[in-house]
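Keep the structure open as you read.

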Amino acid sequence: MNKLLFLFLIIVFTSCDKELLEPVPETSISGGNAFETPERILAQVNGLYAAVKNPQFLGGRYTIYQELRADDFIMNKPNAQTGQLTWGHTVNSSTAEVENLWSSGYAAINRIHIFLEGLETAKEKISDSLYQNYRAEAFFLRGLAYFLLVQQYARPYVEDNGAGPGLPLRLGAEKSSQNNDLARSSVAAVYAQVLSDLDAAEAGLPLKYATASLNATRAHKNAAIALKTRVYLAQGAYEQVKTEAAKIVSTAAPFSAASGVAHKLEANVTAVFSGSYTGPEAVFFLPMNAQDGPGGQNALSYYFTFNPGNAEYFLNTAGTVAKPAFSPSSNDARKNLVVTQQGELWLYKYKMPSPYTDYIPVIRYAEVLLNYAEAAARTGDVAKATALLYAIRNRADASYTFAHSGLETKEALVSTILEERRIELLGEGFRVPDLLRTLQPLPGKIGNAGTSPAVQPSESRYIWPIPANELSTNTLMVPNP
């Protein structure tokens, strides 16, 4: 582990959950005192979620970078601190966002390993069911973290079935800088580890928790299953997507989960983006509050809204909002999440004022239905794919009927579903991953504050470079080709 990451981890591990750990001294990464009581063990579990939702990782910046690299947002205020280099595809191995996303992701992973090690020494202090629950939560979060990192820093799995270089696959606690040197595992090996983690998570996680808030913000069986549909989709493993999705999606409309948390589509899509949503569509959201916010330059509403945000990026009128669903004559409820101010269009899925406490949607049930629909379409199950597609569209516009030409062939149906993903998941961090897994160019965009050319799949800029700090401290690490 590189030295900067090691120091970062010390700060993260010793600063979370102070009110539960004090008066324990905070001078060591992992001491037995952190696992002395059930309450302290739970505090460490909460710390795992805090590490994953670090503002430089999934607590803001990850989602932002997936949107800025694509074509739905136009830079309004050129500023290197708020993603200018990412928007223009000019990052290099020393760029702050390249370094920080990697370091915060691996810091979260290492915190998980330290937790798992500590939990083993204290398992007799809690019930076996809690022990299994906590381990499974750690596996879920590790699988999520590795999946996000491998998509960002390695070539798409579908390009060569994962044969290319992936990530250093660190699977044990690192408490010093002695084990820096670790070669890259293949993309396929990283995906295999992700799926192994998620299988273990599914086996050990509870069906549900006692409250809607916990069901929305802590991992449970359905969350692990839902994430597997995303991972398999990125691999092009469509039969596996269908197998997993069928566990939590009923056979016919109205689609819902029959076991565990009773997931279903919210009647009104705008309700999902109410700031602190914990309803049935929330499969896994990251909560924020005034004491635990992402900070201004990391917050989704800071980037994408005119007010109360900082008006950093407005919507590209040639992008997703050019679709008929957003036209003035449309009855689609999703257009109510787009607001015109100062002559530009702004996304208002995230709209909480400073300290920017919008819950971050990591997995919601609408995505699961879209994953299932695409996999069904690609494997020839037109009836299932069409029914799932209509569930998403008719939730937003009950009277809408798709043109027959958009559904009559497998290719046309897949294209229609991919377009629906753009509309439904706008601003939620899916645009670039969807382009990468389908090996499409990252589109260019033109704005009054700058121009960003398209990036072809053959270009090195198609993915992010390996950070310079990792290359300098890990002698077995090699850069991306």
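Is Gly162 buried or exposed? In this predicted model, Gly162 counts as buried because its relative accessibility is 0%, and the cut-off for buried is under 20%. To find Gly162, look in the loop that runs between α8 (157–160) and β2 (165–168). Once you set aside the neighbours within four places in sequence, Gly162 is in contact with Tyr157, Ser186, Val187 and Ala188.

Our next stop is another loop residue. Asp71 sits between α4 (61–68) and β1 (73–75). Asp71 is buried too, because its relative accessible area is 8%, where the cut-off is under 20%. Which side chain makes a polar contact with that of Asp71? The partner is Arg431, and the polar contact between the two side chains is 3.0 Å.

The structure has 6 cavities of 30 Å³ or more, and the largest cavity holds about 190 Å³ of space. Its lining is made up of 19 residues, of which Tyr62, Arg230, Gly429, Phe430 and Pro433 are the closest to the centre. Several elements give two or more residues to this lining: α4, α7 (128–153), α11 (221–235), β8 (360–364) and α17 (431–437). The largest share comes from α7, with 4 residues. By class, the lining of the largest cavity has 11 nonpolar, 3 polar and 5 charged residues.

Finally, turn to the second largest pocket, with about 230 Å³ of space. Which residues are the closest to the centre of this pocket? They are Arg393, Tyr400, Phe402, Thr416 and Glu419, out of 17 residues in the lining. Helix α16 (residues 410–424) provides the largest share of that lining, with 4 residues. The lining of the second largest pocket divides into 7 nonpolar, 4 polar and 6 charged residues.

Note on methods:
Residues are numbered from 1 along each chain as its sequence is written. This is a predicted model: local features need pLDDT of at least 70, side-chain atom pairs count only at pLDDT 80 or more; totals for chains, interfaces and linings use all residues. Side-chain values use heavy atoms; hydrogens and water are left out. Buried means under 20% relative accessible area, exposed over 50%, partly exposed in between (1.4 Å probe, protein chains only). Contact means heavy atoms within 4.5 Å. A polar contact is a pair of N or O atoms within 3.5 Å; within protein, one must be able to donate a hydrogen and the other to accept it, and residues adjacent in sequence count only if both atoms are side-chain atoms. On a 1 Å grid over the protein atoms alone, a cavity is a set of points where a 1.4 Å probe fits but cannot get out, and a pocket is an open set with protein on both sides within 12 Å along at least five of seven lines; lining residues have an atom within 4 Å of a point. Grid points are joined across faces, edges and corners, and a volume is the space filled by probe spheres set on the points. Ala, Val, Leu, Ile, Met, Phe, Trp, Tyr, Cys and Pro count as nonpolar, Asp, Glu, Lys and Arg as charged, and the others, Gly among them, as polar.
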